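Dear colleague,

Please find below the structure that I am handing over to you.

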Amino acid sequence: MKKIATAIMAVIAAIGMMSCASTSTMDDSAKKQAEINKSFDKVYTTYADALVLEGAEVYEVKKGDTLTSITKTFYAGKDENGYYFPLIMLASRNVVSDPELITPGMKLTIPNFDANINDRAVALKLKPYFKDLAEVYKQKATPAAEDIRPHLLEISEQLGKEQVSLEPEAPAAN
């Protein structure tokens, strides 16, 4: 009987230790995400006043949506790859911090693309925002972050230099 009781106690102790180890891992993951959210929030707070919200729309996230798909839909013809999503995140900073963590039911503010990107004065104010956001993506260890970061840096370089085309270029007249 003692052997059975000892074996049961050993199994319970082992399960308890495994439970603590997995909780610690989850806590580390949650702590890392909290640090990332804090970094996003700091950038959003720094540039909140640079964004023009006149003409903005509200969109409720649906199951299956990604920030990229939402960006492509609202900025069709202007952002074919969805990399101008930081405009939406800046406008929706009080709803969600991390662009990869949107969920159905969230109501995102979709700023007017032209008012923010094609207005040179506003674009110049937003230029460092895209660069600073790219720095936050260094903290994220996801394939999406690795893909997004260089595009944000490229956008930062281009903002204010030239107007982002609204229409595809017309073929040259013969």
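Leaving aside its neighbours within four places in sequence, with which residues is serine 92 in contact? The answer is Leu108 and Thr109, where contact means heavy atoms within 4.5 Å. Serine 92 itself sits in the loop between α3 and β2. With a relative accessible area of 2%, serine 92 is buried; buried stands for under 20% relative accessible area, exposed for over 50%, and partly exposed for what lies in between (1.4 Å probe, protein chains only).

Before the remaining findings, a note on conventions. This is a predicted model, in which local features need pLDDT of at least 70 and side-chain atom pairs count only at pLDDT 80 or more, while totals for chains, interfaces and linings use all residues. Residues are numbered from 1 along each chain as its sequence is written, and side-chain values use heavy atoms, with hydrogens and water left out.

Overall composition

The protein has six helices and two strands, in the order α-β-α-α-β-α-α-α from the N terminus. Helices (H or I, at least four residues) and strands (E, at least two) are DSSP runs, numbered from the N terminus. Of its 174 residues, 34% count as buried. The exposed surface comes to about 10,800 Å², of which carbon and sulfur atoms supply 57%; accessible areas come from the Shrake-Rupley method with a 1.4 Å probe, and for residues only the protein chains shown count as cover. Among contacts between residues at least 6 apart in sequence, 72% join residues at least 24 apart.

In soluble globular proteins, nonpolar side chains tend to be buried together. The largest nonpolar core here has 41 residues, and those with the most contacts inside it are Leu87, Leu108, Leu126, Tyr129 and Phe130. Such a core is a set of buried Ala, Val, Leu, Ile, Met, Phe, Trp, Tyr and Cys residues joined through side-chain atoms within 4.5 Å. At least two residues of this core come from each of α1 (2-47), α2 (67-74), α3, β2, α4 (113-117), α5 and α6. The largest share, eight residues, is that of α5.

Helix α5 has 17 residues and reaches 25 Å from its first C-alpha to its last, close to the 24 Å expected at 1.5 Å a residue; the expected span is 1.5 Å times one less than the number of residues. At the start of α5, a side-chain oxygen of aspartate 119 comes to within 3.0 Å of the backbone nitrogen of alanine 121. A kink of about 30 degrees lies at leucine 126, shortly before proline 128, the bend at a residue being the angle between axes fitted to the seven residues ending there and the seven starting there. The buried residues of α5 include Leu126, Tyr129 and Phe130. Not counting residues up to four places away in sequence, tyrosine 129 touches Val43, Tyr44, Tyr47, Pro86, Met89 and Leu90.

Helix α6

Helix α6 (residues 143-158) has 16 residues and spans 24 Å from its first C-alpha to its last, close to the 22 Å expected at 1.5 Å a residue. Within α6, Ala145, Ile148, Arg149, Leu152, Ile155 and Ser156 are buried, and their cover includes α3 and α5 (120-136). Glutamate 157, also in α6, counts as partly exposed at 47% relative accessibility. Its C-alpha atom is separated by 7.2 Å from that of lysine 127, 30 residues apart along the chain. Just after α6, glycine 160 takes a positive phi of about 85 degrees.

Aspartate 98 is found in the loop between α3 (85-91) and β2 (107-110). At 1% relative accessibility, aspartate 98 counts as buried. Its side chain makes polar contacts with the side chains of glutamine 33 (2.9 Å) and lysine 140 (2.6 Å). A polar contact is a pair of N or O atoms within 3.5 Å; within protein, one must be able to donate a hydrogen and the other to accept it, and residues adjacent in sequence count only if both atoms are side-chain atoms. Leaving aside neighbours within four places in sequence, the contacts of aspartate 98 also include Ile36, Asn37, Phe40 and Met89.

Threonine 103 is found in the loop between α3 and β2 as well, and is partly exposed, with a relative accessible area of 37%. The C-alpha atoms of threonine 103 and valine 61 are separated by 6.5 Å, at 42 residues apart along the chain.

Yours sincerely
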